[in-house]
Amino acid sequence: MSETSLRGKVAVIGIGLSAVGKVPGRSPLSLAAEAASNALADAGLTKSQVDGVLSSHAFASPFHRFSVAFSEYFGIRPTFSNTLQVSGATAATMFSIGAAAIQGGLAKVVLLVAADSLMTGLTPDLALRSLTESRDQQYEMPFGIPVANTFAMTAHRHMREYGTTPEQLAEVAVVHRRHAARTPGAQQATPITTADVLNSPMVTTPYHKLDCSLISDGGAAFVLTSAEHAKALGIGKPIYVLGCGECYTHEHIFLMPSLTTTGAVESSRRAYAMARYQPSDMDVAGIYDCFTGTVVMMLEDLGFCRKGEGGPFVADGQMSYGGRIPSNTHGGLLSFAHSGMPGALFHFHEVIAQLRGQCGQRQVETAGLGLVHSLGAGFATNATIILGTEGTL
Amino acid sequence: MASDDSTRKPLPAPDADTAAFWRGLRHGELLLQHCRRCRNVQYYQQATCRECGSDELEHKPATGRGKVHSFSVVYRAPGPAFKTDVPYAVLLVELAEGPRMISTLTGSDPEDVTFDMEVELAFDQVSDDVTLPRFRKA
């Protein structure tokens, strides 16, 4: 990599969640402020030390400039701020852009913060907006195609091309639920079987209700600063940003180059190259799991198994403890929580907690390197981040 | 007001790039853009060729033949407007000319759709101004 590589230059020094799950009576800004306070307390900083804020859009909030509204609400006046929008991939881009801003001297301490109340906070007007804004109004929306449908068509084609089965997809949901059972505060922790998944109502083929992620309230926040500043602050266990990569292959689902091989191949290739590590070096992963088939395809495209083998890989227990790559150990969007754009931040929270060794009974042994991949809009947007402990620098 | 909006299906609002496309549909033609410079054939309509950037684009009607590249049968409607339509099959159709497009099946059981099924265009006039391109089993 060139001298300008971000590898190891920036560290995550604080992480925090708001109340997560069904949290009625709380605005997205209130949840964001709670998560931010927790992340700052975790870092041992005060809000006056924050000079940068990055956020994502919240459906249940009327504010278009969420990062700006948040700063006012939280009582800070940052000199670097933006509200990012690349759908589900936004979470990972918050880390890469935050790190780049620090490396480039635009800010010293960047707060990444997002929250939404999709479960209890959407007024009918905002719910309608969330439904209609996500797909193209001319060439997609008139046909009644929800976002779930675009992902469903990719999974369906994957079944056609590689023989992936409904049972293998269902197993993804089962594994996530088993993981969530060990996570305090997980929204769905009752064990399920593949039969439960296959018997749940069909939403859009091949996806049953239990193949689909949850709808939740909640937020998360992180504090980023330079590796040097983290040292100066005496941070106990900084977690370093080692690699970042993004890839944007299309906007409309009908222009997706391949329905079964996604931009995650390129985004992760770039992240691995910057980090100077291989897929086989990763100890733990957070993989965007909006639907079960999404996970199968990502396990392949992120390099954890070969193309077409994601289904058997999951069925063989390879994405859980003792397997090749323990993934979404908190339960993911499928069972922990999915509050819209902040949903992917829960994967970051979990992977960073794993790398810090703070996961208790969920702890993956000797976790030193972690990958988080977030994506959105029918695989239109893909972003990968690789994180590591001091020993992996 | 919100409830009125939520039970009405979203209709395309043509813009400067796409007016010809929606006009073509009203006259029973699905127009594809053929680039005179690089021969690229593209769907949807825009001012320039996505391959070479040329603005020498010629509108030619598609044959209307295609096959199902992928599909998903919707059982839970995306909002009140589509509730009475379920189940319906959303198709990702690969047109004979190459481009793919999204549409829905009309005229036969959505549960009988298969991969690579041959389909042909069907014009569905949904309002005075808008005709949607749908597909029926060929």
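## Ground rules

Two strands count as paired if DSSP finds at least two bridges between them. Strands (E, at least two residues) and helices (H or I, at least four) are DSSP runs, numbered from the N terminus. This is a predicted model, where local features need pLDDT of at least 70, side-chain atom pairs count only at pLDDT 80 or more, and totals for chains, interfaces and linings use all residues. Residues are numbered from 1 along each chain as its sequence is written, while chains are lettered from A and ligands numbered from 1 in the order in which they are written.

## Strand E4 in chain B

E4(B) takes in residues 65-74 and pairs with E7(B), residues 118-125, in the antiparallel sense over 3 bridges. There, Gly66(B) has Val119(B) as its bridge partner. E4(B) also runs antiparallel to E5(B), residues 88-95, with 8 bridges joining them; Ser72(B) sits opposite Val90(B).

E4(B) is mostly covered, with 8 of its 10 residues buried. Buried here is 20 or more other C-beta atoms within 10 Å of a residue's own, with C-beta atoms placed from the backbone.

## Helix H9 in chain A

Buried residues are Ala264(A), Ser267(A), Ser268(A), Ala271(A), Tyr272(A), Met274(A) and Ala275(A). They share one side of H9(A), because they cover an arc of only 165° around the axis (taken from the directions from the helix axis to the C-beta atoms).

After H9(A) comes Arg276(A), with a positive phi near 60°.

Notes: A residue is buried if 20 or more other C-beta atoms lie within 10 Å of its own, exposed if 12 or fewer, and partly exposed in between; C-beta atoms are placed from the backbone.
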